[in-house]
Amino acid sequence: MDIAIALSPHSAIPLHRQLYEELRRAILSGRLLPQQRLPSTRELAKSLGVSRTTVTLGYEQLLSEGYLKTIIGSGTFVCAQIPDDLLQSTPTEAGEKAAHFPISLSQYGEQLAQTDLSLQAEPQAEISFRYGRPACDRFPLELWRKLLARYCRTDYQWLDYAFDPLGYLPLREAIALYLGRSRAVQCNSDQILLTNGTQQALYLISRLLLNTGDAIALEDPGYLSARRIFSSQGANIFPIPVDESGLRVAQLIDKPVKLVYVTPSHQFPTGAILSLPRRLELLAWAQQTGALIIEDDYDSEYRYGERPIPALQGLAITDSVLYIGTFSKVLFPSLRIGYLVLPKSLVSIFARAKWLSDRQLPSLEQRVLADFIAEGHLERHLRQMRSHYNQLRQVLVEALKRYFGDRATILGENAGIHLMVRLHFNLSDDEILQRAAKVGVGLLSAQSHYFSIAEPGQFIFGYSELTQTQIQTGIRRLAMALEEIN
Ligand SMILES: Cc1ncc(COP(=O)(O)O)c(C=O)c1O
């Protein structure tokens, strides 16, 4: 069989590649038909005046891509269905496929489809008091790079799968020591499960401890992501109000709940610190009823002035607390490393669930973080950031007092990296936001964190990403914009 093939010995493209291209084109254009037999490598090499290796290489490429097949004893043939046919039958644009038939979701899928996951739009303003982030531009990036480099030069070990479902042991050990020192959490490294942030810790808790219809108590107002995780699991949610001493534990007492989720060190978003009497009351209630407490200690590292109250986990005399911490606020949110300190009896089932859900956290970041903590950088960074945020916080409090006087009530100023402020004006939240935007100030309302319609005028002021001047200017402009017609 003769195939018209033109090869150019002067081209920069190797001959075997040219042959491959020519044959592929012949197959696609139909000059070579499906199932058609090709000449042997010896015959074709002879007729083209090239080496047999050239032809063999060209054929091998077409064989590996599915254009040709060999039948032992018979020779080489064009495949009946060539790869390009398969590709052409794949739609190129999303949505081109005709509907197959209705795809039924799992109960979880159905529940999730009904869960509101919309996000409050972040203010795009010259001075934005958005909250929830540390000052990323103050992170010791150069140091982090050096620690990373240690593992990226000659260490190939971490590239492999890890086999410890709880996470990298030296990191768990470093966290156990750190938690004992700084939060009086009582645990050893075998009780720590490293998670993809608080988010995954809450998700695993809801998967493993809640059935559809099971009751859980949440703070009102409270952390929206937690509420969404639990409601997408079909939980029956009891909102419990919060005041200046944190969760109103007395209102929880008669609720038939299996779990309660709290942020005792710095209630989100009000900033209240759960008082010691209420902590003891909560622990006693859990002990009596068998309910479990989920303690989210998301930014407890930032405390100003007062002596810290130890974590609930450390105060508990029974295994009633699941303690969650995260590096999102003390280091940076995209690190996605958090930890769940578990009662011993729950460790194994949580490890299994974590393993099935995503196998492991990235090894490199776990190693770098373990060194960062063990070598003292975490606590040094924290000291610096605490002092930095403390100055910003004072500037914000002073500016609010100076420009608003008694038209602003400040809540939760002793901890964290945001304040909640009640603004007393005869304006709706939307009007306040619009006026702020007009003078280049971005604000976020606390409304979305409430279960029902909240009293208007409550805003969350994040200050961690701003400079002192920006804070002063922002508050002055806001006060002027709101005072205008009041
Ligand atoms: C109450 C609360 N918990 C935890 C987190 C942190 O979540 P993650 O560790 O998933 O980043 C936040 C972040 O804003 C929070 O507000």
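**Entry 1**

I began at Ala217, which stands opposite Val260 in β9. I noted that the model is predicted, that local features need pLDDT of at least 70 and side-chain atom pairs pLDDT 80 or more, while totals for chains, interfaces and linings use all residues. Residues are numbered from 1 along each chain as its sequence is written, and side-chain values use heavy atoms, with hydrogens and water left out.

I then looked up the two strands concerned: β6 (residues 215-220) and β9 (residues 259-262) pair in the parallel sense over three bridges. Pairing requires at least two bridges found by DSSP. Strands (E, at least two residues) and helices (H or I, at least four) are DSSP runs numbered from the N terminus.

Next I examined helix α8 (residues 197-209), which packs on the sheet and touches β5, β9, β10 (292-296), β11 and β12. The direction of α8 makes about 155° with that of β11. Helix α7 (residues 169-183) lies across β5, β11 (321-326) and β12 (338-341), at about 110° to β5. Contact here means heavy atoms within 4.5 Å; axes are lines fitted to C-alpha atoms, for helices over the stretch in contact, and angles run from 0 to 180 degrees between N-to-C directions.

I recorded the whole sheet as open, with eight strands in the order β5-β12-β11-β10-β9-β6-β7-β8 and mixed pairing. Because β5 (192-195) and β8 (246-247) stand at the edges with a single partner strand each, one side of each has no neighbour in the sheet.

**Entry 2: the ligand**

A ligand nitrogen is 2.7 Å from an N or O atom in the side chain of Asp296. A ligand oxygen lies 2.7 Å from an N or O atom in the side chain of Ser328, and a polar side-chain atom of Lys329 is 2.7 Å from an oxygen of the ligand. The protein covers 89% of the 400 Å² of accessible area that the ligand has on its own. Accessible areas come from the Shrake-Rupley method with a 1.4 Å probe; for residues, only the protein chains shown count as cover.

**Entry 3: Glu22**

I found Glu22 in helix α1 (residues 15-29). Is Glu22 buried or exposed? At 16% relative accessibility it counts as buried, the limits being under 20% for buried, over 50% for exposed and partly exposed in between. The side chains of Glu22 and Arg25 are joined by a polar contact of 3.2 Å. Beyond its neighbours within four places in sequence, Glu22 is in contact with Ala4, Ile5, Ala6, Leu7 and Arg31.

**Entry 4: strand β14**

I noted that five of the six residues of β14 (residues 418-423) are buried. Strand β13 (residues 408-411) runs antiparallel to β14, joined by four bridges, and Ile410 stands opposite Val421. The two strands form a hairpin with six residues between them, and Gly412 in the turn has a positive phi of about 60°. Five bridges join β14 to the antiparallel strand β17 (residues 458-462), where Gln458 stands opposite Arg422.

Notes. Polar contact = N/O pair within 3.5 Å; in protein donor to acceptor, adjacent residues only side chain to side chain. Buried < 20%, exposed > 50% of the residue type's maximum accessible area, 1.4 Å probe, protein only.
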